[in-house]
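Try each task before reading its solution.

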Amino acid sequence: MNSFTFYNPTQLVFGKDSIEKLPAMINQFTSGTKVLITYGGGSIKRTGLYDRVIGLLEGFEVFELEGIEPNPRLSTVKKGVQLVKDNNIDFILAIGGGSVIDGTKLISAASTIDEDPWKIVTREVTPTAAVPFGTILTIAATGSEMNSGSVITNWETNEKLGWGSPLVFPKFSLLNPEVTYTLPKNQTVNGIVDSMSHLLEQYFNEADNSAVGDAMIAGVMKAIMKAGLAVQDEPENYEARETLMIGATVALNGFMRMGYNGDWATHNIEHAVSAVHDIAHGAGLAVLFPAWMTYVSGKSPERFAQFAEDVFDVDASLPQEEKVKAGIAGITDYWKAIGAPSSLSEFDIPESDFEVFADKTLFNGPFGNFYKLNKEDVIEIYKLAH
Ligand code: NZQ
Ligand code: ZN
């Protein structure tokens with residue numbers, strides 16, 4: 001393993017009674033009363049969560065930023081920064097999924113600087129302070145509720161870039177699995193694929209030894225897969241929703257990457273697609289992860305054989321080639337079983353775009369910590385996903 005320091009200060013409040021703890025949680029972090037709530041395109045109003053939160057915020061002066069898009073946009077973040085600055089906001093509460101939380105992370109940090117928020121994303125400006133914020137999570141997917149990363153899309157430049165800072169760990173996140181009952185089926189599936197992809201990215205890592213990580217990743221992946229099947233016919237299966245929610249959180253809160261970084265090439269490859277076509281992150285990963293696995297397993301098969309044994313309990317005595325195939329088939333069959341998309345052409349993405357996507361992925365040069373990819377490799381992966 002590599003040397004590492006683990007740090008995660010987010011208070012995770014989990015369970016059916018978690019949301020009701022909101023006022024007490026906010027009071028831990030500010031004596032002020034001005035709260036900005038941020039949310040997406042209206043699902044929280046349709047589900048009744050909005051009214052519930054407004055009721056709990058009695059006694060606070062509430063300001064609102066509505067309309068943070070899936071794949072949150074810089075232009076909307078700027079509106080939020082203006083609201084914070086104009087009204088001297090004391091605390092921000094993000095209510096939603098990864099998009100609302102990621103947008104809020106940038107609002108939180110950019111409200112403390114005079115420059116354009118995009119400069120934080122491009123690392124031209126390093127924030128030294130952030131407005132405190134908490135979250136109420138409504139979809140099990142990104143892990144943003146308990147990490148310090150954020151992914152923002154700039155539609156002026158067609159760039160979708162990740163950034164992070166220890167200053168933007170949520171102060172707390174309130175997770176009630178019941179809130180996810182109302183998710184449309186495709187969003188539940190996107191979330192399952194995203195959380196599993198985070199586990200895959202970290203399983204295929206650069207360390208010589210990751211035995212504890214491998215065991216944790218395989219265990220969490222099996223639990224998510226089982227629960228993911230259960231919610232297909234039974235969206236209000238509490239225990240399955242509970243498993244999906246805690247599974248997605250631990251998949252990307254740092255627990256699974258102690259001692260290594262993981263590969264992360266596929267995330268870069270996907271972000272380049274959604275920067276141009278605005279497709280859901282999980283949907284893009286469903287198509288691209290098997291393509292990456294197929295391509296890279298041909299060059300580095302040992303780890304893929306181990307993966308098949310760890311996650312799909314494939315017989316260790318089988319020839320390596322068969323184990324590799326079984327591991328990849330395990331993922332593609334599972335995607336099919338939950339109804340995830342399987343090819344880029346399902347999104348009307350033409351092959352002529354691959355060159356543009358590949359250039360975007362290479363903005364920092366060859367990438368991928370488990371297997372380094374150059375432009376030709378990336379184009380081959382897009383072709384396999386077509
Ligand atoms: O906008 P509303 O109306 O709220 O609807 C949302 C949205 O359309 C809907 N939704 C969420 N909870 C719901 C619900 N509908 C009904 N009932 C509920 N309980 O679901 C849609 C998708 O929401 P979104 O927040 O976009 O989903 P997700 O959590 O998958 O976030 C995706 C974003 O996070 C980034 C992705 O790139 C993408 O921009 N990521 C962030 C990461 C991080 N910060 O660590 C890591 C990830 O790898 C990822 O890149
Ligand atoms: Zn992801």
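The exercises cover the domains, the ligand shell and a database annotation of this predicted model.

**Exercise 1.** Find how the protein chain is divided, and describe the contact between the parts.

Solution. 
- Start with the bounds. Domain 1 spans 11–179 and domain 2 spans 185–385.
- Next, take the spacing. The C-alpha centres of domain 1 and domain 2 are 27 Å apart.
- Now count the contact. Domain 1 gives 20 residues and domain 2 gives 25 residues.
- Look at the side of domain 1 that touches domain 2. Strand S1 (11–14), strand S6 and strand S7 (159–164) each supply at least two residues there.
- Sort that side by class. It has 10 nonpolar, 6 polar and 4 charged residues.

**Exercise 2.** Describe the shell around ligand 1: which residues are closest, and which elements supply it?

Solution. 
- Ligand 1 is surrounded by 36 residues. The closest are Gly-40, Pro-70, Gly-97, Gly-98 and Ser-99.
- Go through the elements. Helices H2 (43–47), H5 (98–110), H7 (185–203) and H11 (281–297) each supply at least two residues, as does strand S6 (149–154).
- Check the domains. Domain 1 and domain 2 each give the shell at least three residues.
- Finish with the classes. The shell has 25 polar, 9 nonpolar and 2 charged residues.

**Exercise 3.** Locate the domain that UniProt lists, and give its helix and strand content.

Solution. 
- Read the record. An unreviewed UniProt entry lists residues 188–384 as "domain: Fe-containing alcohol dehydrogenase-like C-terminal".
- Residues 188–384 are 67% helix and 0% strand.
- Compare its ends. The end C-alpha atoms of 188–384 lie 25 Å apart.

Technical notes:
Residues numbered from 1 in each chain as written. Chains lettered and ligands numbered in written order. Predicted model: local features only at pLDDT ≥ 70, side-chain atom pairs only at ≥ 80, totals over all residues. Near = placed C-beta within 6 Å. Helix = DSSP H or I, 4+ residues; strand = E, 2+ residues; numbered from the N terminus. Nonpolar A, V, L, I, M, F, W, Y, C, P; charged D, E, K, R; others polar. Domains from an automatic or database assignment. UniProt positions renumbered as here; feature names shortened; annotations may be inferred. Contact = placed C-beta atoms within 7 Å.
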